[in-house]
Amino acid sequence: MLEISNDFNLKSYGRFPEELSDPKSFKDRMVEVSRLFQGMGESYLQHLGDDSKISGSEKKNLIEYLESILLVLVMLRKIDFSPVDEETYIRKDRGLFEIRLRFTEGSVWELTGSIKPEYKMKQRTFKEWFNSSFSTDIKTFYAIYGNAGLDQLITPDEKVQITKQIDRIIAEIVEMIVFIERFMLFQ
C-alpha cells in the first residue's frame with residue numbers, strides 16, 4: 001500500500017510473495033503483469049457501467065490493481081533484470097517527482113519518494129491514461145523484452161533498456177495512484 005503524506009512524501013514497503021519470488025518463476029511474473037493489466041481494464045469497464053462514474057470503492061479497486069502491478073514490476077526489476085541494484089532512483093521532470101527503490105535482505109523492498117509542489121501532475125481521466133499512456137508503456141515493455149529475447153540471450157545492454165522501461169512504468173503507476181487518491185473527483 002502506497003502511503004501519501006499531506007506534503008506528498010511517498011512510502012511503501014513489503015516482501016515479495018513467495019510463490020512469485022523464486023528466480024525460476026520469471027515466466028509467471030511476466031504472465032502476472034499481463035493478467036493484472038487485463039483484469040484492471042475489465043474491472044474499470046465493469047465499474048464504469050451505465051452512469052460513467054467511479055465511486056470510492058471502485059477507486060479503491062483500481063488502486064489495488066495498480067499496487068499489484070507495481071509489486072510484480074518491482075520484482076521483475078530486482079529478480080530478473082537488475083539483481084545487483086540494491087538501490088535505485090527514478091526521476092521525472094528534473095527530480096520534481098522522485099522515487100527511490102531500496103532492496104534489503106531477501107525479498108524485502110522499500111519505495112520512498114516525493115512530489116515537489118512545482119511538479120505539474122497531468123490532469124487526465126483514468127480512461128485516457130489507461131488506454132493511451134499505460135497501455136502503450138506495457139506494450140512497449142513486452143516489445144522491448146520480446147526483441148531482446150529473439151536470439152535467446154538477453155545482453156546486459158538489453159537488460160538496461162528493459163529496466164528503464166520498467167522504471168518508466170513504475171513512475172507512471174505511482175503518479176496515477178497519487179492522482180486517484182488525491183485529485184480524482186468522486187462523481
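What follows is a conversation about those words and the values behind them.

Modeller: This is a predicted model, in which local features need pLDDT of at least 70 and side-chain atom pairs count only at pLDDT 80 or more, while totals for chains, interfaces and linings use all residues. Residues are numbered from 1 along each chain as its sequence is written, and side-chain values use heavy atoms, with hydrogens and water left out.

Colleague: What makes up the protein, from the N terminus on?

Modeller: The elements run β-β-α-α-α-β-β-β-α-α, which gives five helices and five strands, where helices (H or I, at least four residues) and strands (E, at least two) are DSSP runs numbered from the N terminus.

Colleague: Why is the protein called as compact as a globular protein of that length?

Modeller: Its radius of gyration, taken over C-alpha atoms, is 16 Å, and the globule rule (2.2 Å times the number of residues to the power 0.38) also gives 16 Å for 187 residues, so the description holds.

Colleague: Why is helix 4 called roughly antiparallel to helix 5?

Modeller: Helix 4 (residues 126–148) and helix 5 (residues 156–183) pack at about 165°, with axes 9 Å apart. Axes are lines fitted to C-alpha atoms, for helices over the stretch in contact, and angles run from 0 to 180 degrees between N-to-C directions. Angles under 35 degrees count as roughly parallel, over 145 as roughly antiparallel, 65 to 115 as roughly perpendicular and the rest as oblique, so helix 4 is roughly antiparallel to helix 5.

Colleague: Which residues of helix 4 and helix 5 meet?

Modeller: Contact means heavy atoms within 4.5 Å, and among the residues that meet are F126, W129 and F134 in helix 4 and I162, I166 and M176 in helix 5. By class, this contact has 14 nonpolar, four polar and four charged residues.

Colleague: What makes helix 3 roughly antiparallel to helix 5?

Modeller: The axes of helix 3 (residues 56–81) and helix 5 come within 10 Å and cross at roughly 160°, which means that helix 3 too is roughly antiparallel to helix 5. Their contact divides into 18 nonpolar, one polar and seven charged residues.

Colleague: How do you know whether S107 is buried or exposed?

Modeller: S107 has a relative accessible area of 15%, and buried means under 20%, exposed over 50% and partly exposed in between (1.4 Å probe, protein chains only), so S107 is buried. S107 lies in the loop between strand 4 (97–103) and strand 5 (108–115), and, leaving aside neighbours within four places in sequence, S107 is in contact with G14, R15 and F16.

Definitions and conventions: Nonpolar A, V, L, I, M, F, W, Y, C, P; charged D, E, K, R; others polar.
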